[in-house]
Amino acid sequence: MRALRLEAWKSDPVLADVPDPEPGPGQAVIRVGGAGACHSDLHLMREFEGGLLPWEPPFTLGHENAGWVLALGDGVTGLEIEQPVAVYGPWGCGTCARCRPGLENYCEDPANAPVPSGGGGLGLDGGMAEYMLIPDARFLVPLPDGLDPLIAAPLTDAGLTPYHAVRRSWGKLPPGATAVVIGAGGLGHMAVQILKATTAANVIAVDTRAEALDLALKSGADLAVPSGDDTAAGIREATRERGADVVLDFVGSDSTLAMAAAAARTLGDVTIVGIGGGTLPLSFFSVPYEVSLQTTYWGARPELVELLDLASRGLLRPDIVQFPLNRAMDAYRQMEAGNLNGRAVIVP
């Protein structure tokens, strides 16, 4: 089969012929229906080098995946051939205190995971190929009736990551509250939809690009404002000088983190999701009183089940741009140039 392979750090991936996978005991193989292209893949291609991660190339890219069960190994129960499934992306050990309730994104025993602190497309072969080996069938989540794998694929990261970030702040988003989404791209436009589907908060989207602001409004944002030096002041004006109860930063640069802190309300949450490499000085007077600052990574398996249910009911729908496997690099080039709105999905 053909697969998009990252052969070395700081290099473009290449299309290569690799053997079709076969499942061993407890494993499964899926026929891939869609594999999302993520901005973090660009970090693998452009920035990372040996020793920074606990795994090395080569491997097939694609950590946002969904498709249909093709083959099951001995001992696998609860799944059927041709059943549509999504792949839960962070592959933990399955037995530690974090993994047992489904928080495999925060596995505390990565040495006993299929790949330390990674998964398919992140150290092991991912879904940018015709077929994908799932090393433990527990990583497959059956899709609700009517949900196409093409739609489900980007939800496994571009949906699950903002869902986890929003969910942990539900208690601060009652009617009358305000949530700010900084960066209305592949994850940010999903965050807007998740906020509107699961809370009664007013939602303000911030981005540098007019196209992204239009997408945010299309996704349900109550207000979309361009990013600039006076954005935080504008958010305060829009909230009667109280500030935002929850700020979700999907960029993570110095400027956006400073904006988030300046726009936050006392007792609010500032959650850093983007890995833009920025820093935020934290001291007694640098943020409003009792503002909580946190980072998040991906989400839990039970949260993916909840998210897929919302999508199957028509409450969430990622804005998708499709690319065939032989044009996967076009998706990454458009993403790198800032010309891609929504989420690119590779369809093998």
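Predicted model: local features only at pLDDT ≥ 70, side-chain atom pairs only at ≥ 80, totals over all residues.
Visitor: Where is the kink in α2 centred?
Guide: On Leu155, with a bend of about 50 degrees. That angle is taken between axes fitted to the seven residues ending there and the seven starting there.

Visitor: Why is α2 called largely enclosed?
Guide: Buried means under 20% relative accessible area. Of the 19 residues of α2, 18 are buried, so the rest of the structure largely encloses the helix.

Visitor: Is Gly274 counted as buried or exposed?
Guide: Buried, because its relative accessibility is 15%, and the cut-off is under 20%.

Visitor: Where does Gly274 lie, and what does it touch?
Guide: Gly274 sits in the loop between β15 (264–272) and β16 (292–295). Leaving out residues up to four places away in sequence, Gly274 touches Asp249, Phe250, Val251 and Gly252. Ser286 is twelve residues from Gly274 along the chain, and their C-alpha atoms are 21 Å apart.

Visitor: What is the volume of the second largest pocket, and which residues are closest to its centre?
Guide: The volume is about 220 Å³. Of the 16 lining residues, Met1, Pro21, Thr60, Asp125 and Leu133 are the closest to the centre.

Visitor: How do the residues of that lining divide?
Guide: Into twelve nonpolar, two polar and two charged. β9 gives the most to this lining, with three residues.

Conventions. Residues numbered from 1 in each chain as written. Heavy atoms only, no water. Helix = DSSP H or I, 4+ residues; strand = E, 2+ residues; numbered from the N terminus. Buried < 20%, exposed > 50% of the residue type's maximum accessible area, 1.4 Å probe, protein only. Contact = heavy atoms within 4.5 Å. 1 Å grid on protein atoms, 1.4 Å probe; cavity = no way out; pocket = protein on both sides within 12 Å on 5 of 7 lines; lining within 4 Å. Points joined across faces, edges and corners; volume = space filled by probe spheres on them. Nonpolar A, V, L, I, M, F, W, Y, C, P; charged D, E, K, R; others polar.
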